Structures are given as structure tokens and as C-alpha cells.
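Visitor: Hi, I'm new to this one. Could you walk me through it?
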Amino acid sequence: MINQVTLVGRLTRDPELRRTPDGLAVTTVTLAVSRQFRNQHGEIEADFVQCAIWKKYAENTARYCRKGSVVGVTGRLQTRHYDNKEGKRVYVTEVVAESIRFLSGKPNNYTPVEPPPAVVMKEELPFA
């Protein structure tokens with residue numbers, strides 16, 4: 001079986017670095033990926049794809065990327081579910097990144113930021 005995804009797109013917001021209770025770095029980003037054709041109105045539409053990035057890739061993404069940065073992600077498609085606070089089952093489909101490439105140049109006057117890590121709740125973990 002083959003489960004491999006390669007995407008190139010722009011980040012829709014600044015990445016936020018978080019840590020699991022075990023200390024693993026993780027960030028989730030949404031990539032806006034343009035479609036290869038125009039719709040009936042002549043506009044190019046985009047798909048918005050959730051991606052989970054782990055460990056050193058997560059730390060580097062949070063440090064060097066911002067909203068609008070162009071990145072290339074290679075990984076696998078994964079579906080998971082959890083029960084929310086209201087007891088409803090929520091399904092999540094996302095790309096779990098195995099590698100990421102930063103394709104944008106550094107902006108002028110760029111200073112990397114070390115965001116404060118947040119704790120990830122168990123239901124947010126892609127392997128739970």
C-alpha cells in the first residue's frame with residue numbers, strides 16, 4: 001500500500017509550537033494549496049489542508065515560518081477521531097509531515113521568534 005502526500009502551499013497563519021506531556025514538539029498548520037485550474041468564474045481556488053509537524057521540523061517551522069510562507073510538505077494522510085466535550089465524535093483528516101522544506105526567502109528585517117510552548121491535550125494527538 002502507498003500513502004504518500006506531497007504539497008506545496010502557503011501557511012494560512014503563524015505556526016504555534018506546542019509540546020506533548022512527554023515533551024515532544026508539535027505544530028499544526030493549514031496549507032493553502034492552489035488548484036491547477038480555474039473555476040467557471042475564471043478564478044483559481046485553493047484547498048486548505050491541515051498538517052501536523054513533529055519534533056525538530058516543528059521547532060524549525062515555528063521559528064522560521066510565518067503566515068504566507070511557502071513550504072513544501074511530504075508526509076502521509078491520516079484520519080483520527082476523538083470525542084469532544086459534548087460527547088460528539090469528531091473526525092480529523094490531516095497530513096502527518098515526514099519532511100518539510102522552506103521555499104520562501106527570509107523577509108527583510110527578519111528575527112526568528114521562540115514562541116512559548118503550549119501543552120497538547122490528549123485528544124489533539126494524531127496517534128491517540
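Guide: Gladly, and please keep in mind that this is a predicted model. One term first: helices (H or I, at least four residues) and strands (E, at least two) are DSSP runs, numbered from the N terminus.

Visitor: OK, in what order do the elements run from the N terminus on?

Guide: The order is β-β-β-β-α-β-β-β, so the protein chain has one helix and seven strands by that definition.

Visitor: Which strands does β3 pair with over two bridges?

Guide: Strand β1 (residues 5-11) pairs with strand β3 (residues 25-38) in the antiparallel sense over two bridges, and Arg10 has Ala32 in β3 as its bridge partner. Strand β2 (residues 18-19) is also antiparallel to β3, again over two bridges, with Arg18 partnered by Val26.

Visitor: And how many bridges link β3 and β4?

Guide: There are 10 bridges between β3 and strand β4 (residues 44-54), which pair in the antiparallel sense, and here Ala32 stands opposite Phe48.

Visitor: What about the hairpin of β3 and β4, which residue takes a positive phi there?

Guide: That is Gly42, with a positive phi near 80 degrees, in a hairpin that has five residues between the strands. In the hairpin of β2 and β3, which has five residues between the strands, Gly23 takes a positive phi near 95 degrees.

Visitor: Switching topic, is Glu59 buried or exposed?

Guide: Glu59, which lies in helix α1 (residues 55-64), is buried, because its relative accessible area is 17% and buried means under 20%.

Visitor: What does Glu59 touch, leaving out residues up to four places away in sequence?

Guide: With those left out, Glu59 touches Leu17, Arg19 and Ala25.

Notes:
Residues numbered from 1 in each chain as written. Predicted model: local features only at pLDDT ≥ 70, side-chain atom pairs only at ≥ 80, totals over all residues. Heavy atoms only, no water. Buried < 20%, exposed > 50% of the residue type's maximum accessible area, 1.4 Å probe, protein only. Contact = heavy atoms within 4.5 Å. Pairing = 2+ DSSP bridges.
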